[in-house]
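Colleague: I'd like to learn how to read pockets in a model. Can you walk me through it?

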Amino acid sequence: MKPIQPTAEQRSSISLGFFSVAPVLPGLVLTAAIAATAIAIRNLTGWMTLSPLILSIVFGMLIRNVITVPATTEAGINFCLRRILRVGIVLLGLQVTAAQILSLGTAGLCMIALTLVATFGAIRIAGRAMGVDRSLTDLIAAGTSVCGASAVIAANTVIRGKQEHVAYAVACVTLFGSLSMLGYPFLAAALGLDARGYGLWTGATIHEVAQVVAAAFQGGDVAGQFGTISKLARVVMLAPLIMTLALAMRSGSDGATKASAPMPWFVLGFVGMMLLNSTVPIPADINQLLSTVTAFLLSMALAAMGLHTDIGKLKAEGWRPLALGAFGWLFIAVFGYAMLKLFGF
């Protein structure tokens with residue numbers, strides 16, 4: 001029997017389908033390889049505080065500045081910065097439930113929210129006074145006040161800062177979050193904090209989730225649990241922060257009219273995933289798999305940002321953004337402790 005040949009229209013459709021994937025494939029393979037390497041290093045070393053997101057942007061920067069990145073990877077790298085990033089942020093919502101957040105109580109949630117808002121505002125004011133670029137200031141503010149590297153890349157979907165700004169902001173939250181992770185366990189007794197208070201303080205003020213877990217569990221299981229849950233509450237607050245930034249930029253209330261600023265509708269997907277996780281029981285093994293996929297996708301996005309980052313331009317930003325990151329680090333620690341005492345913890 002003579003095989004059926006596809007029509008010209010079918011051949012065109014097949015060809016179109018192939019070429020819609022082909023341009024992005026080299027870049028996807030490169031970023032996926034970087035992300036896989038970062039996760040493998042974290043798993044092999046057993047250093048769970050070694051964030052694959054941070055490793056991915058570092059590896060991407062090394063490749064970008066030491067080796068010539070093939071032009072064929074550009075489309076895939078851009079695809080990661082747009083599509084893969086948004087999917088990763090949406091899936092991030094599956095890591096928290098409404099019940100976990102509500103378990104902190106009204107006082108705990110108010111303490112966390114006030115610390116977040118005050119820190120974001122203080123860093124923005126200080127950044128302008130110091131003459132730091134506005135987009136870089138906002139990225140440092142987001143990373144410090146909310147949830148580290150994840151907040152930086154999520155905020156940049158609206159702020160649209162340079163990739164060097166993203167890298168600098170990630171470097172700040174990594175450096176100062178690590179200092180908090182190492183220093184906080186020695187301060188608990190000196191500051192008169194019990195296990196619950198210490199856990200809330202770590203979760204409300206340390207930058208990255210992994211850093212919070214490492215520091216909080218040094219105070220015992222109760223401190224670790226409160227630290228983790230309070231940190232997840234900050235992660236949830238990422239959604240209203242990004243929407244507020246977008247609305248401010250579109251309305252021009254941020255100092256300039258930016259009607260073309262994108263509305264980050266994907267954060268609604270983030271909220272939807274949180275609500276889904278709150279109402280539908282997800283088996284532990286599937287939840288763990290989804291958590292791994294989320295980390296992998298966000299690591300791909302960070303790798304893509306690293307592949308677009310010029311270290312020479314990063315150095316050109318100077319010391320002021322670093323000083324701003326240090327200010328934010330000290331502010332959130334002190335203000336968070338003050339709120340902790342104000343609310344009776």
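Colleague: How do the residues of the lining of the second largest pocket divide into nonpolar, polar and charged?

Modeller: Ala, Val, Leu, Ile, Met, Phe, Trp, Tyr, Cys and Pro count as nonpolar, Asp, Glu, Lys and Arg as charged, and the others, Gly among them, as polar. Here that lining has 4 nonpolar, 5 polar and 4 charged residues. Mind that this is a predicted model, where local features need pLDDT of at least 70, side-chain atom pairs count only at pLDDT 80 or more, and totals for chains, interfaces and linings use all residues. Residues are numbered from 1 along each chain as its sequence is written, and side-chain values use heavy atoms, with hydrogens and water left out.

Colleague: What is a pocket, and which residues line it?

Modeller: On a 1 Å grid over the protein atoms alone, it's an open set of points where a 1.4 Å probe fits, with protein on both sides within 12 Å along at least five of seven lines; lining residues have an atom within 4 Å of a point. The second largest pocket has 13 of them, and Leu81, Arg82, Arg86, Asn156 and Thr157 are the closest to its centre.

Colleague: Which element gives the largest share of that lining?

Modeller: Helices (H or I, at least four residues) are DSSP runs, numbered from the N terminus. H4 gives the largest share, 6 residues.

Colleague: And what volume does the largest pocket have?

Modeller: A volume is the space filled by probe spheres set on the points, which are joined across faces, edges and corners. For the largest pocket that's about 950 Å³. Arg42, Gln95, Val209, Ser291 and Ala295 are the closest to its centre, and H15 gives the largest share of the lining, 8 residues.

Definitions and conventions. Helix = DSSP H or I, 4+ residues; strand = E, 2+ residues; numbered from the N terminus.
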